[in-house]
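Colleague: I've got a model open and would like to learn how to read it. Could you walk me through it?

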Amino acid sequence: MSTSFERYQKRRLISSYFSVVLSIALVLFLLGMLGLLVLNTKKVADHFKEQIAITVYFNDDAKDDVMQNLTKSLDTASYTRSVTFVSKEEAAKQTKEAIGEDFMEFLDYNPLQNSIDVYMNADFVSSEKVEEIAAKLSENSAVDEVAYDKPLISLLNNNLKKISFWVLIVSALFTFIAVLLINSSIRLSVYSKRFTIKTMQMVGATKGFIRRPFIWNSVKLGMIGAMVALVGMAAVIYYLNNSFAELNLLADKKLILALFGGVFLTGIVITWLSTFFATTRFLNLKTDELYY
């Protein structure tokens, strides 16, 4: 009979530990992925900014050496990420592919111009800076026109600011919820042993002596849960890095390691604090209050 009861108690204990570890792992995984999003918010924003280009159109009588010199000059400019020279022939070919017919057959000449597409570094993609760059380029006598999507730049910057703000708000909210969920799981685990805590106290055990095994056990569960969360994070990061190579998520390995270390320490700290306060609460309760 006692053996059967012991097996039952052991199964309950394992089930309780599994629930706590699973809860901690899920919460830390979500917290870690949110941390990854926060750390890469600027990188994602920069990626979208760097897709915007300034197009410099040359006059029809602009000489090849002048166009080449301007292309080289732009290529070495501090605000430039990349430069692409598009000849009028290449522009005609791209237009033909886009509209599905050869417009030059009707016109008998190529009305398009030689041009340069200038993709800028993200730090320079703002309405003021782009306008300043465009004005400077327009001063060149070989340049006919400088075109860029001004409304799109303003809209992009405004939306990115709003997104960054709300990401921080949501991150703070999720962090608070994560602490509450882990704390609740630990408190339930300690609650199931409240009579054991009170019995040890009644036979003369000090509060520190009673807390120690509970804290150490919870910290071990927190470490296991954190390791499970880190494995899940590693798998997701690997998948995202392969699927969205342009984001280059693994470029800063120190940042990734710091994130992993932060998640692991968070699991330890939250479980330690939750267990400390939970055991303290039951240690301070009177015996008849344990039934409520």
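This is a predicted model: local features need pLDDT of at least 70, side-chain atom pairs count only at pLDDT 80 or more; totals for chains, interfaces and linings use all residues.

Colleague: Which residue does Thr 55 stand opposite?

Modeller: Asp 117 in β3. Now zoom out to the strands themselves: β1 (residues 53-58) pairs with β3 in the antiparallel sense over 5 bridges, and β2 (residues 80-86) is joined to β3 by 6 bridges, also running antiparallel.

Colleague: How should I think about side chains along a strand?

Modeller: In a regular strand, they alternate between the two faces of the sheet.

Colleague: And how many residues of β3 are buried?

Modeller: With buried meaning under 20% relative accessible area, 5 of the 6 residues in β3 (residues 115-120) qualify, so the strand is largely enclosed by the rest of the structure.

Colleague: What about nonpolar cores?

Modeller: Look for buried nonpolar residues joined through their side chains. The largest core here has 29 residues, and Leu 28, Ile 182, Ile 197 and Met 233 touch the most other members. Helices α1 (2-39), α7 (150-191), α9 (207-243) and α10 (253-283) each supply at least two of its residues. Another core, of 26 residues, lies apart from it and includes Ile 52, Phe 58, Val 83 and Leu 160.

Colleague: Where does UniProt place the "transmembrane region" feature?

Modeller: Its unreviewed entry puts it at residues 20-39, 163-184, 221-240 and 255-278. In the model, residues 20-39 are 100% helix, with end C-alpha atoms 28 Å apart. Residues 255-278 are also 100% helix, and their end C-alpha atoms lie 34 Å apart.

Note on methods
Residues are numbered from 1 along each chain as its sequence is written. Side-chain values use heavy atoms; hydrogens and water are left out. A nonpolar core is a set of buried Ala, Val, Leu, Ile, Met, Phe, Trp, Tyr and Cys residues joined through side-chain atoms within 4.5 Å. Buried means under 20% relative accessible area, exposed over 50%, partly exposed in between (1.4 Å probe, protein chains only). Helices (H or I, at least four residues) and strands (E, at least two) are DSSP runs, numbered from the N terminus. UniProt positions are given in the numbering used here, feature names are shortened, and annotations may be inferred rather than shown by experiment. Two strands pair if DSSP finds at least two bridges between them.
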